[in-house]
Amino acid sequence: MFKDREDAARQLAMLLEKYRDNEDVVVFAIPRGGVVIGRVIADYLNVPLDITVAKKIGAPFNEELAIGAVGPTGNPIIDERTVNILHIDEGYMERAIRKKVDEIRARLEKYRGNADYRSLSGEKAILVDDGIATGYTVRAAIAFLKDLKAGKIILATPVIAPDTRAELNPQVDEVVYLSSEEPFYAVGQFYEEFGQVTDEEVIKLLNS
């Protein structure tokens, strides 16, 4: 049990010590809660902090039922099995992806001033979030970092569901975590304080 995101981030940062003062490392945080984690880690490692935004794609009849996710480049991660079972047509998927990408770009412009990224061209990217349950948005974020030609992707999070960890492990070069155990109901169960992070806090953390 962590006191709050800062407490978890300080503990997680110590596991990333080997990346400290490394000139070819960038921390990419997933808003909003992940930016709190990312700020602590980036400061500890003395490396730059950036963000990447990914959004879940919901089913036509239930937005809360995730059938995939997409990142800024529009390269989607789709749960093909669920899409086929629910008979979701290609037209819906195209419209949903386009809508989510527009939302992502608007959020990036709000948080970081623009939605454009430079190529990572072989650099190391440490992707951080405050916890990972199903991992849909993380998969889309990983795909985005691969689109940017990251040479190495390290996924770092205080808590991650065991099944999700097993699924994500082959998709990155390294998974760094503090806790991955059952029963896993929700990320918030591992924190004493897990309040919502505001847009204003995200912007302040990115500019600090």
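Q: Which hand does the crossing of α2 and α7 have?
A: The crossing of α2 and α7 is left-handed. By definition, a crossing is left-handed if the near helix is turned anticlockwise from the far one by less than a right angle, and right-handed if clockwise.

Q: What kind of model is this, and how are residues numbered?
A: This is a predicted model, in which local features need pLDDT of at least 70 and side-chain atom pairs count only at pLDDT 80 or more, while totals for chains, interfaces and linings use all residues. Residues are numbered from 1 along each chain as its sequence is written, and side-chain values use heavy atoms, with hydrogens and water left out.

Q: And what do labels such as helix and strand stand for?
A: They are DSSP runs, numbered from the N terminus: helices are H or I with at least four residues, and strands are E with at least two.

Q: Back to α2 and α7, then. What is the angle between them?
A: Helix α2 and helix α7 (residues 199-206) pack at an angle of about 20°, and their axes are 9 Å apart. Helix α2 is therefore roughly parallel to α7. The categories are as follows: under 35 degrees is roughly parallel, over 145 roughly antiparallel, 65 to 115 roughly perpendicular, and the rest oblique. Axes are lines fitted to C-alpha atoms, for helices over the stretch in contact, and angles run from 0 to 180 degrees between N-to-C directions.

Q: Which residues make that contact?
A: Val35, Val36 and Arg39 of α2 and Val202, Leu205 and Leu206 of α7 make the contact, where contact means heavy atoms within 4.5 Å. These residues divide into five nonpolar, no polar and one charged. Ala, Val, Leu, Ile, Met, Phe, Trp, Tyr, Cys and Pro count as nonpolar, Asp, Glu, Lys and Arg as charged, and the others, Gly among them, as polar.

Q: How does α1 pack with α2?
A: Helix α1 (residues 5-14) packs on helix α2 (residues 33-45) at an angle of about 40°, with the axes 9 Å apart. The two helices are therefore oblique to each other, and their crossing is right-handed.

Q: What meets what there?
A: In α1, the residues in contact include Arg5, Leu12 and Met14, and those in α2 include Val36, Ile41 and Tyr44. The residues of this contact divide into eleven nonpolar, one polar and three charged.

Q: New topic: which strands form the open sheet?
A: Three strands form it, in the order β3-β4-β5, and the pairing is antiparallel. Its edge strands are β3 (55-59) and β5 (76-78), each of which pairs on one side only. From one strand to the next, the twist averages 55°. Two strands count as paired if DSSP finds at least two bridges between them.

Q: How many bridges are there in each pair?
A: Strand β3 pairs with β4 (residues 62-70) over five bridges, and β4 pairs with β5 over three bridges.

Q: Which residues stand opposite each other?
A: Across from β4, Lys56 stands opposite Ala69, and Lys55 stands opposite Val70. Gly68 stands opposite Ile78 in β5.

Q: How much of β3 is covered?
A: Strand β3 is mostly covered, with four of its five residues buried. Buried means under 20% relative accessible area, exposed over 50%, and partly exposed in between (1.4 Å probe, protein chains only).

Q: Where are the cis peptide bonds?
A: One runs from Pro31 to Arg32, with omega near 0°; Arg32 is in the loop between β1 (25-29) and α2. Another joins Glu182 and Pro183, with omega about 0°; Pro183 is in the loop between β8 (174-179) and α7.

Q: What about Ser121: buried or exposed?
A: Ser121 counts as exposed, because its relative accessibility is 56%. Ser121 is in the loop between α4 and β6 (124-128), and has a positive phi of about 30° although it is not a glycine.
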